[in-house]
Structures are given as C-alpha cells and as structure tokens.
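Biologist: I would like to learn how to read a few features of a protein model. Can you take me through them one by one?

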Amino acid sequence: MPLILDSSPSPSPPPSVVELSPAAIRRREHHESDVVIVGAGILGTSLAVTLARQNRSVILLEKSLKEPDRIVGELLQPGGVQALKKLGLRDCLDDIDAIRVKGYEVIYYGKEVEIPYPLNAAGDHDDREGGGFDGEKRDSLTKDTGVKRPEGRSFHHGRFIRQLRAAAMKEENISLIESTVTGTIKDGWTGQVLGVEAETKDGRKDVYFGQLTVLADGYASRFRKEFIAHAPVSKSKFYGLELIDADLPRRMHGHVVLGEGAPVLLYQIGTRETRALVDVPEGTPSASTANGGVKGHLRNVVLPSLPKCVQSSFERALDDGKLRSMPNSWLPPSTQQVPGMILLGDAMNMRHPLTGGGMTVAFNDVVMLRDLLSPEKVPDLGDTARVRKQMRRFHWRRKNLTSVINILAQALYSLFAANDPQLKALQLGCFRYFQQGGQCVDGPVGLLAGIIRQPFVLFYHFFAVALLAIWLVIRQSPIYRLPLTLLSTIGIFWKACVVIFPFIFSELRS
C-alpha cells in the first residue's frame, strides 16, 4: 500500500469511530480529488496548502518523503518572504536555524562593495514582536530614520521543505502520499489529462484522478518533454561545498566573488554552516582530468581567489570530499494549453540560480494562482475552458516579476562569468556602477530581491552599466588610440545587446 499521510486523527480512537468528510473518503478510498499535484517541493506543497484553504480537495504525490538534501534552493529573497507571508506560511521559516539576509557583498579582484536591500522598497515587512524569525531581535532599522529594510532568509533546503510539508499535513483537505508518478492518464478522444499513474516503493501500481492535474516535479521533470516544446539549456554546473565556521567578510550577506574564472557564491545556511557554490562552465581547461578535475580547479584556481578569511574553511571542506553538483539551466516559460493539466515550477521555467530567484518566483506564482483559480473565478476546476483562460492570464500577468528575475539572472551571469574582452569590460562597468551607490545599487538589488517589478527598470540599469563600461574604456585609453577605442566601444555595446535581447525576446513569446 502507498504511504498516505493526511490530517485525519490517528488510530486512537479506532478508525471505525473517526468521521471522515466525503472528500477525504473519496481521496482515501477512490483516489479522487479536485486537484492532483505531483511533487511536494517548494511550489507543489505551497500550492497544495493554498488550494486546500480554498476548500479544494487535494492529493499531493511525492516519490520520497525523506528530508531532501540539495545545494540550491537555500536563499529566499525578500520578495519571496513577502509572498510566503501572503500565503500564511511565514512560520515555515521558524525553527530551522534560518539566517537573516540583508543584501550582498560583491568582491571584484579583492575589492569589496556592499549592496544592501533598498530602504522601504516593498512597504511590507515583518512586524512581529521580537522582530524576525527564530525570535531574533530585528536590527534592520536605520539609525537616522527608523525606516525598515526588507530582508531575505537563507537556510538548509531540506529543513524548509520539512516545514512546508508539516504545514500541508495540518490541512484536512490534503492527502500527502509517497508514491512515484510514472505517467499521466488521458481521455483518448479529447486528450484531456484525467489524472496520473503511480507506483509505490514495493512495486504496487496505482492511479489518482483529479479535475485538474498539476505537474511540479522539479528541474529534472519526467513530463516536460511530453507537454512543452522547449528543452532546458545548461552550459555550466554549480559545485557545492558546506563550510563549517567560515569567517565571511560581511555577516548576514550573500557574497559574490569575481575574478579570472566564473563566479563563486558564499552565504550562510545555518549558525555554523556556510554554502559555497562554484560555477564551472563546460569545457573549463583547469577542470580537465589532466589538471585534477573539478577538485583540482577548486584547489588551484578558486581557492586562491577567495577572501583570506574564507580560504581555510573552504580548504577543509574540499579535503572532506563532500562535493556535489547541480546543472545551471535556462528554460523560458510556456503557456499552458493541455486541457486538465498545468505544468509549474522548475518543470516549466528555470533561470540561472546565481541570483537566488527560483523560490521567489515559485511563491509569487502560487499567490497569483490563488487569485486566478479561486472558487469565485473558477467554481469547477473541471471546466477546462475557464482554467485555460485563467492560465493564459497567468502567463502574462506573472511577467512583471518573473521576466525581471529570469532576464536579470541570465544577463548578470553572462557578465559575472565574462570570458571575452567585451564581457570583461561590462563586468568592470557593473562593479563600478555598484560603487556609485544610491540608485545604482537600490535599483539593481531591488530587482534581484523581487521587490521592484518593472522590466523597464532592468532595461534602464543594464544599459546604464553598458554606457559606464564604454566611458571607462574611453577614459583609460590614450588619445592616439581613439579610433581603435571607438571601435572597441561599439563592440561593447553590441555585446550588451547580444547578452540581453535574446532573453527579452524569449519572455515576449507566447
């Protein structure tokens, strides 16, 4: 039998005495519900809770209910924290040793610049007594004005998932079932998805039916090829280490280290633990087998480029040998056209995790779906025409946030992993832009944080960086080289266009 977990009382009093609702009986005995959700991860679990609180009957399927252990999905931007609060799931950040995140520190060839989250940019902050999660005293008020800055949170991914699933278990309208989904069930005449086929760990086959089937089975989705035409593009991997008692240059900040190679991220995920993520593009010569593989690259190239205060803990973690990897993928969003089914989360849309925007996108998608698929607007989720109409609205309405995060992640990675002179010039321009402070910091980090939701603001700051990069090249060149310098500046501007416009076009297509 599959492992079925729901909020029904335990066998005391005996099951014969327990009075189940008709919907619970349908889920338990007939495996029928309003919604079947595949994947009890970030999006799947939060969506299940949200729909259950709208009195929808939900079957939530997950192949393994063990606490997951991943090296990404560990930093939630302020825009994601706000969305979590709107969903009534803010408490899931409690009791997991989550770390407050106030912004970023960018380190460019040893030079540092702080990029704090902008003052009062969101207008929606945590006002609980005690000032924050895990009972910490909030100290994010400016001394002069008392205006609050938004904050993110970083944590162990598995602990956060455990809290989300615990919240799902408290909902009487949810049955959480441990079973591996192997395929979809379709109407042979209309092609409408009616539910899914699944298999338990002991090999027992089963089926689950819902008026609506949501596929949210993550970056390695087994259903993506069946329902959308686009395939993820991956040109690099993040290799992760867990540092113990690392001495970071700036507390409560994420760190981006830039040098000769691709970027390195450093951020706390617990009181003693710090995550190091090293981007290694395909074909990196220093990561070849002849040069000692990825570990040789980390030891010989990455380690010397890190701040001195981090090097000893990084080397210890490298010696421990617990090195794991994740592909960094790009997958533009697609409209939902299949009747009876919607594809969501990383199964439908991915961006480079450099900016930590994935969970912020997921939670904000759930906030939007809560409204678009509410019982007032879609009384019957079996009304496929109305659901498809609402999903078309979803595709375009989410653009204000997701297009910003998607484009920013890809464009910023292109600059931070610069591998030619034009990109190097843009990388320097980006760092010098941050050094200007004011709106040159507040705008970009507000976009990254998911609290400024205006694509034009991204366009403005990106080309402001490009123009500053051009000015730096002109200023540093002798007068007798002016003709060659002008040609070089044209190349820089062209490279900026080549970097950003393909991602803009990918967001505009339907």
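Modeller: We will look at a helix pair, a pocket and a hairpin. Keep in mind that this is a predicted model.

Biologist: At what angle do the axes of H11 and H14 cross?

Modeller: Angles of 65 to 115 degrees count as roughly perpendicular. Here helix H11 (residues 421–435) and helix H14 (residues 482–508) cross at roughly 85°. H11 and H14 are therefore roughly perpendicular to each other. Their axes come within 9 Å.

Biologist: Which residues in H11 and H14 meet?

Modeller: From H11, Gln422, Leu423, Ala425 and Leu426. From H14, they meet Gly491, Ile492, Lys495, Ala496 and Val499. By class, this contact has 6 nonpolar, 2 polar and 1 charged residues.

Biologist: Next, the second largest pocket. How much space lies in it?

Modeller: About 580 Å³. Its lining has 21 residues, and Lys235, Gln410, Tyr413, Ser414 and Phe503 are the closest to its centre. The lining divides into 10 nonpolar, 8 polar and 3 charged residues.

Biologist: Which element gives the most to that lining?

Modeller: H14, with 5 residues. Strand S13 (233–244), strand S17 (324–330), helix H10 (399–416) and H14 each supply at least two.

Biologist: Now the hairpin. Do S10 and S11 run parallel or antiparallel, and how many bridges join them?

Modeller: Strand S10 (residues 180–186) and strand S11 (residues 193–199) run antiparallel, joined by 6 bridges. Gly183 stands opposite Glu197 in S11.

Biologist: Which residue of this hairpin takes a positive phi?

Modeller: Gly191, with phi near 80°. The hairpin has 6 residues between the strands.

Note on methods. Residues numbered from 1 in each chain as written. Predicted model: local features only at pLDDT ≥ 70, side-chain atom pairs only at ≥ 80, totals over all residues. Heavy atoms only, no water. Axes fitted to C-alpha atoms, helices over the stretch in contact; angles between N-to-C directions. Helix = DSSP H or I, 4+ residues; strand = E, 2+ residues; numbered from the N terminus. Parallel < 35°, antiparallel > 145°, perpendicular 65-115°, else oblique. Contact = heavy atoms within 4.5 Å. Nonpolar A, V, L, I, M, F, W, Y, C, P; charged D, E, K, R; others polar. 1 Å grid on protein atoms, 1.4 Å probe; cavity = no way out; pocket = protein on both sides within 12 Å on 5 of 7 lines; lining within 4 Å. Points joined across faces, edges and corners; volume = space filled by probe spheres on them. Pairing = 2+ DSSP bridges.
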